[in-house]
Amino acid sequence: MEQPQRRATRGRVAAIASVGVLLAAGIVAGAAPVQAAETDLVVNGGFEQGTANWFVNNGNASDSAALSVTSDAYSGSSAALVTNRTTTGSGPMQDLSGKVQAGQTYVLTARIKYENPSGPATKQFFATMHYGAATYTNLVSVTATKGQWAQFNGTFTIPAEQNVSTARLFFETPWTSTPSTDPDLHLMDFTLDDVSVVGAAPPAARRRPSRSSASCRGSTTR
Ligand SMILES: [Ca+2]
């Protein structure tokens, strides 16, 4: 069953990477000599230190959830479990402010799983950046099959004109304004592990203001 694309209802422009092509492009770009050494910008991405450095997305007053550690991990001995979600945006968040740069390309990988018995057979998830206020950009998407670990694996380029003074990465399900009408579909628990965002860490002086990415037209409001 296809999930209807509801993002347009709030004027949101998706910036979903074309995974295969852009991943290849990201690898090529990362190998270019002008780039700084690649670094994983996510701290405790495997949740082996529990939920340290992570919190629940609180971009909207109605966002709320419980974040705990589970031994049901994709790798290592622990992963993060998010329960009691109240909005589609209720999910694990890490603040990457000061780490990401406008105009830069990053490779994002993560593992995600949901297994609520009453949930749908498949479900789309997003890795999304909150740039502060009402500005959100979907970065990478994956459609998971219930009960199986799915992998986020794609690249995203932050538009050259994007203000990144606030940049908070989180994981969510596709937006709807009334998720409580079908919580099994919109507000399922999920488990997250092995989150990684690799790119050039600042201070990389390279800037290409005249050439914004055609694949990532930026952010919108919610
Ligand atoms: Ca882990």
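This is a predicted model: local features need pLDDT of at least 70, side-chain atom pairs count only at pLDDT 80 or more; totals for chains, interfaces and linings use all residues.
Let me start with strand β7, residues 122-130. Seven of its nine residues are buried, so β7 is largely enclosed by the rest of the structure. It has two pairings to look at. On one, nine bridges join β7 to β8, residues 135-145, and the two strands run antiparallel. β7 and β8 make a hairpin, with four residues between them. Glycine 132 sits in that turn, and its phi is positive, about 95 degrees.

The other pairing is with β10, residues 168-172. Here five bridges join β7 to β10, again antiparallel.

Next, strand β6, residues 105-113. Eight of the nine residues in β6 are buried, so this strand too is largely enclosed by the rest of the structure. β6 is joined by eight bridges to β9, residues 150-157, and the pair runs antiparallel. Tyrosine 106 has phenylalanine 156 as its bridge partner in β9.

Which residues of the largest nonpolar core touch the most other members? The core has 44 residues, and the ones in question are Ala80, Leu108, Ala110, Ile112, Ala127 and Leu192. At least two core residues come from each of β4, β6, β7, β8, β9, β10 and β11. β6 gives the largest share, five residues.

Take alanine 110 as an example. Leaving out residues up to four places away in sequence, alanine 110 touches Ala127, Phe152, Leu192, Asp194, Val195 and Ser196.

Is aspartate 194 buried or exposed? Aspartate 194 has 20 other C-beta atoms within 10 Å, so it counts as buried.

Asparagine 53 is the other residue of this kind that I want to show. Its phi is near 75 degrees, positive, and again the residue is not glycine. Asparagine 53 is in the loop between β1, 38-40, and β2, 55-56. It counts as partly exposed because it has 14 C-beta neighbours inside 10 Å.

Methods. Residues are numbered from 1 along each chain as its sequence is written. A residue is buried if 20 or more other C-beta atoms lie within 10 Å of its own, exposed if 12 or fewer, and partly exposed in between; C-beta atoms are placed from the backbone. Two strands pair if DSSP finds at least two bridges between them. A nonpolar core is a set of buried Ala, Val, Leu, Ile, Met, Phe, Trp, Tyr and Cys residues joined through C-beta atoms within 7 Å. Two residues are in contact if their C-beta atoms, placed from the backbone, lie within 7 Å.
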